Amino acid sequence: MAGLKDKRGFIDKERLDLSERQAVEYWMKRWGVTRDQLSAAHRKVGKMTKDIAAELGKKR
């Protein structure tokens, strides 16, 4: 899915694609979680960042 890129170089801040390394690293740093925690939450609730944040107990 192609879309507009922002300054950080990834496409979408609303949906998380685990294959986009920069997006995963951005959310890991922002929420202070590990890659495993992020991927487990992604599997459990889906690709929307607001749902993942709620699952991790973080504010978006």
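**View A. Lys50 and Ala54 are exposed on the face of helix 3 that is turned away from its buried side.** The model shown is predicted, with local features requiring pLDDT of at least 70 and side-chain atom pairs counting only at pLDDT 80 or more, while totals for chains, interfaces and linings use all residues. Residues are numbered from 1 along each chain as its sequence is written, and side-chain values use heavy atoms, leaving out hydrogens and water. Buried stands for a relative accessible area under 20%, exposed for over 50%, and partly exposed for values in between (1.4 Å probe, protein chains only). Helices (H or I, at least four residues) and strands (E, at least two) are DSSP runs numbered from the N terminus. The buried residues of helix 3, which spans residues 49–56, are Thr49, Ile52 and Ala53. Because they cover an arc of only 100° around the axis, they lie on the same side of helix 3; the arc is that of the directions from the helix axis to the C-beta atoms. An α-helix has 3.6 residues a turn, so residues three or four places apart point the same way. Helix 1 (21–31) and helix 2 (35–45) are what the buried residues of helix 3 pack against, where contact means heavy atoms within 4.5 Å.

View B. Leu38, Ser39, Ala41 and His42 are the buried residues in helix 2. Glycine 46 follows helix 2 and has a positive phi, near 115°.

**View C. Helix 2 and helix 3 cross in a right-handed manner.** Two packed helices are described by the angle between their axes and the distance between the axes. For helix 2 and helix 3 the packing angle is about 115° and the axes are 9 Å apart. Axes are lines fitted to C-alpha atoms, for helices over the stretch in contact, and angles between N-to-C directions run from 0 to 180 degrees. Helix 2 and helix 3 are therefore roughly perpendicular to each other; angles under 35 degrees count as roughly parallel, over 145 as roughly antiparallel, 65 to 115 as roughly perpendicular and the rest as oblique. A crossing is right-handed if the near helix is turned clockwise from the far one by less than a right angle, and left-handed if anticlockwise. On the helix 2 side the residues that meet helix 3 are Gln37, Leu38, Ala41, His42, Lys44 and Val45. Their partners in helix 3 are Asp51, Ile52, Glu55 and Leu56.

**View D. Histidine 42 lies in helix 2 and leucine 56 in helix 3.** Histidine 42 counts as buried at 18% relative accessibility, whereas leucine 56, with a relative accessible area of 22%, is partly exposed. Their C-alpha atoms are separated by 10.0 Å, and the two residues are 14 residues apart along the chain. Leaving aside neighbours within four places in sequence, histidine 42 is in contact with Leu16, Leu18, Lys47 and Ile52. Leucine 56 touches Trp31, Val33, Gln37, Leu38 and Ala41, again not counting residues up to four places away in sequence.

**View E. One aromatic cluster is formed by Tyr26, Trp27 and Trp31.** The structure holds two aromatic pairs. Tyrosine 26 and tryptophan 27 form an edge-to-face pair, 4.9 Å centre to centre, with 75° between the planes. Rings of Phe, Tyr and Trp (its six-membered ring) pair if their centres lie within 6.5 Å; planes under 30 degrees apart count as stacked, over 60 as edge-to-face and the rest as tilted. Tyrosine 26 counts as buried at 17% relative accessibility, and tryptophan 27 counts as buried at 1%. In helix 1 the buried residues are Ala23, Val24, Tyr26, Trp27, Met28 and Trp31. Helix 2 and helix 3 are included in what covers them. Just after helix 1, glycine 32 takes a positive phi of about 70°.

**View F. The protein chain has three helices and zero strands.** Its elements run α-α-α from the N terminus on. Of the 60 residues in the protein chain, 27% are buried. Among contacts in the protein chain with a separation of 6 or more, 29% are between residues 24 or more positions apart.
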